[in-house]
Each structure stands twice: as structure tokens, then as C-alpha cells.
Amino acid sequence: MPQSPIRKLVPYAEDAKKRGVSVYHLNIGQPDIKTPKIALDAVKNNNLEIVAYSRSEGSEEYRTKIAKYYSKNNIRVTTNEIIVTTGGSEALLFTFGSIMDAGDEVIIPEPFYANYNGFSVASGVNVVPVISKIDDNFALPPIEEFEKLISSKTKAILICNPGNPTGYLYSKEEIKKLANIVKKHNLFLIADEVYREFTYDGEKHHSVMEVGGLEDYAIMIDSVSKRYSMCGARIGCIVSRNKEVIQTALKFAQARLSPPTYAQIASEAALETPQSYFDDVINEYVERRNTLIKELQQIEGVKVATPKGAFYCIVELPVKNADDFAQWLLEEFNLNGETIMVAPAAGFYSTKGLGENQVRIAYVLKKEDLIASVKILKEALIQYNA
Ligand SMILES: Cc1ncc(COP(=O)(O)O)c(C=O)c1O
């Protein structure tokens, strides 16, 4: 199993903290946004006498409400087309297990969410990367590039929309192109849409579940982790109109018995969160993004693609080995008792040698902290390269 590039430097950060250095965590997508009160209250105020297992596919009430929530977002699915999982992570793992055998291949535009590598290894599946480039703002690579990679072992194309780690938001045309290619080659199109709400500059999110004719091919991965800042609840879901996929995923769900009961109560209540919560959160992220990008662009030798969604960006640094630099930041550097933790980007690629001079930054901290972090980065680069 590959190590998580997001978490692998944690021991160095812990050591830095023990030495009295404070660390700005730009490495992990743990938002500092408050969880909606309505979700917390639902757990505090409920009168469960037994914390029982729920149904393996998740409680009927919760799935019915999720279906209603999707219909407001232009996605018409029924309760039975949803399986509640322990986070989007388990949804991905069940999906891989349900549609692929050991030795099969999944094509993924890279850089991609690093744990796709882990889920693939766990499922015996091989990732076949199609490269997207920082100079193109990480847009969908030409469709011919996908076609070149399709073999008899290819079972699926997986996209993350909006993207982690790139912040890229796919256009309607790009989703249509992908839809055509999966239909032509009889593949699944898995769309990880856990950041659906987080789109900026008036851009709209286009789900694979909105595309007509994709009923048998589309599988959507979702999660409450980021939407409601409920990462620790561990609730996500698989959504598909393909009955065989759902029936197979259900067997995986039965093997692990049930998703967490209290967390389903919180997630069900969270569905009542008012739009004003999201409006405020989006405004906050736009400000953070704008601040971060503006500050980064002022450092010589730094390149950054402007994200249109999610809350991450890939940053190219004037260093040879961002892994070494990220560790050095924690082990040897501080600016007035403070340093930063970033995620080296090589772990977000599966092509060896790519991303070695890049890091991923999550803009999940307040504006002032982001400004302080970039100041630290700027000074660190001067000292590291001296
Ligand atoms: C793109 C993407 N997919 C899935 C997940 C899994 O999230 P969770 O298991 O918390 O729902 C994450 C978490 O950061 C993510 O960034």
C-alpha cells in the first residue's frame, strides 16, 4: 500500500510542535468551517436507547431524503439507487470492488486524489493515468489520449469533479465527451463529486448523473465530509441507476454490516441546512482562494493554476524535490516560531517523475493564516535555495 502523501509527514509536524514551533496545516482538506448546528443538535437531542446497526444500504429515511436533495440539484434518482457508505472513501472502495477484478484497469486524469492509488492497490486494480497539465489549468486531456489507453482490461474512467488536488471544474461539453467515450467502449464513468457545492466565479457544476443515456454507465461518489464540514461523521454514498452495480455494492455493504448510526442521524439533519450556510461558505472560500493565489503569484519561480472549485491548488515551486523541501520545512525551518505543512504532489501522480517540484495546498485556513503561510513559504524558499 502506498503511504498517503497528505498524512505521511505528520510525525515531522508533531516533532516540530514538540519543539514549540507552530504549524499551519495546508496539507489536509480538513475545513475550519463550523458544522451546521442542526446536524450537531440532531445527535445531542436524540433519545436512542440502543445504538443499533442500521440497514446495510443505510436507513430508508436518510436515503429518501438524499434522493430529494439530489432532485433539487437536477439529479433524479430513487431511494434504491443509493447506498450509504462510511465516507466517500468506502464508496470508492466498494465501487472498485463491484466493477473490477484483479488486473483490471481504471483510467484517471492525473494528478488525482492520492487515495485512488491506495484503493486501486487494495482492489488489485491498476491505475492508468492520462496526464493533465498545470499549463492548461489541468483541463480534461484530449479525448484521443483516453482512447489510446483503452485496452481489453479497461473497465472504467474515474474523474474527480471539482478536482482534488487541481480545483478543476469540468465543463458540460467535457462531461459529454466522457459520456460518449464510455458508451462507445462500454466502460463505467465514475465521478467523485464530493466537492459539488464548491464552485466559484458563477460556474455551475455538471454531474454525470444529469447526462441522458448514461443510466448503465454512470456511478457517482458522494460524501457529507466537505459539504457540511462533517469529515469525522464518516458518511458518504454510491449513487447509480445500474441495478447490477447497486446489487453488487450492497454485498460489500452487507459484509461490513452497516454505516454508522449516529452519523446517519447527523447527516439526515444536515440535509435541512439552509442555502445561506452554503452562500457564506462559498464566499469565504472564494476570498481565501483569491488571497492565496494573489500572494503565491508574487513569489518568483512559483506557478499556480487557478482553481474553479473544491479548495485545493497545485503549486509548482522552484525546488527539485518538493518531498525533501516539505520535510525540511518541518524539521529545520521556522520563521519566528512558525512553519507550514504542505502535501508533496508526487503522491498525486502515478507516473514516476511527475509532480516532483509541486505541492498541493489546501486553502482551508482563514485569510490571515494563508497570508502568514505564504510569507513563510517565500522566506523558506530563499533559505532552502541559498
Ligand atoms: C476527492 C475526494 N474523494 C473522496 C474523499 C473521501 O472523503 P470521505 O471519506 O471523508 O468522504 C476525499 C477526501 O478528502 C476527497 O478529497
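So, helices here are DSSP runs of H or I with at least four residues, strands are runs of E with at least two, and both are numbered from the N terminus. By that rule, Ile-38 sits in helix α2, residues 37-44.

Before I go on, the housekeeping. This is a predicted model, so local features need pLDDT of at least 70 and side-chain atom pairs count only at pLDDT 80 or more, while totals for chains, interfaces and linings use all residues. Residues are numbered from 1 along each chain as its sequence is written, and side-chain values use heavy atoms, with hydrogens and water left out.

Back to Ile-38. How exposed is Ile-38? Its relative accessibility is 38%, so Ile-38 counts as partly exposed. The scale I'm using: buried is under 20% relative accessible area, exposed is over 50%, and partly exposed is in between, with a 1.4 Å probe and protein chains only.

Okay, the ligand. Which residues are closest to the ligand? There are 13 residues around it, and the closest are Gly-88, Ser-89, Asp-192, Tyr-195 and Ser-223. Helix α4, residues 87-99, gives the most to the shell, with three residues.

Now the polar contacts, meaning pairs of N or O atoms within 3.5 Å; within protein, one atom must be able to donate a hydrogen and the other to accept it, and residues adjacent in sequence count only if both atoms are side-chain atoms. Gly-88 uses a backbone N or O atom, 2.6 Å from a ligand oxygen. Asp-192 puts a polar side-chain atom 2.6 Å from a ligand nitrogen. For Tyr-195, a side-chain N or O atom is 2.6 Å from an oxygen of the ligand. On its own the ligand has 400 Å² of accessible area, and the protein covers 93% of that. Those areas are Shrake-Rupley with a 1.4 Å probe, and for residues only the protein chains shown count as cover.

The expected span is 1.5 Å times one less than the number of residues. Helix α8, residues 243-255, has 13 residues and should span 18 Å; the end C-alpha atoms are 19 Å apart, which agrees. Val-245, Ile-246, Ala-249 and Ala-253 are buried in α8. Down the axis of α8, the buried residues fall within an arc of 90°, so they line one face of the helix. That arc is taken over the directions from the helix axis to the C-beta atoms. Why would a pattern like that come up? An α-helix has 3.6 residues a turn, so residues three or four places apart point the same way. On the other side of α8, Lys-243, Glu-244, Gln-247, Lys-251 and Ala-255 are exposed.

Then α3, residues 60-72: 13 residues, reaching 19 Å from first C-alpha to last, close to the expected 18 Å. Its buried residues are Tyr-62, Arg-63, Ile-66, Ala-67, Tyr-69 and Tyr-70. They fall within an arc of 160° seen down the axis of α3, so they line one face there too. Lys-68 and Lys-72 are exposed on the other side of α3.

A couple of side chains. Thr-85, in strand β2 (residues 82-85), is buried at 0% relative accessible area. A polar atom of the Thr-85 side chain lies 3.2 Å from the backbone nitrogen of Cys-237. Glu-268 is in helix α9, residues 261-270, and is buried at 19%. The side chains of Glu-268 and Lys-65 make a polar contact of 3.1 Å.

Glu-110 and Pro-111 are joined by a cis peptide bond, omega about 5°, and Pro-111 is in the loop between β3 (105-110) and α5 (115-123). Another cis bond joins Asn-161 and Pro-162, omega about -5°. Phe-138, not a glycine, has a positive phi of about 65° and is buried at 2%. Asn-336 also has a positive phi, near 50°, but Asn-336 is exposed at 75%.

Definitions and conventions
A residue is near a molecule or strand if one of its heavy atoms lies within 4 Å of it.
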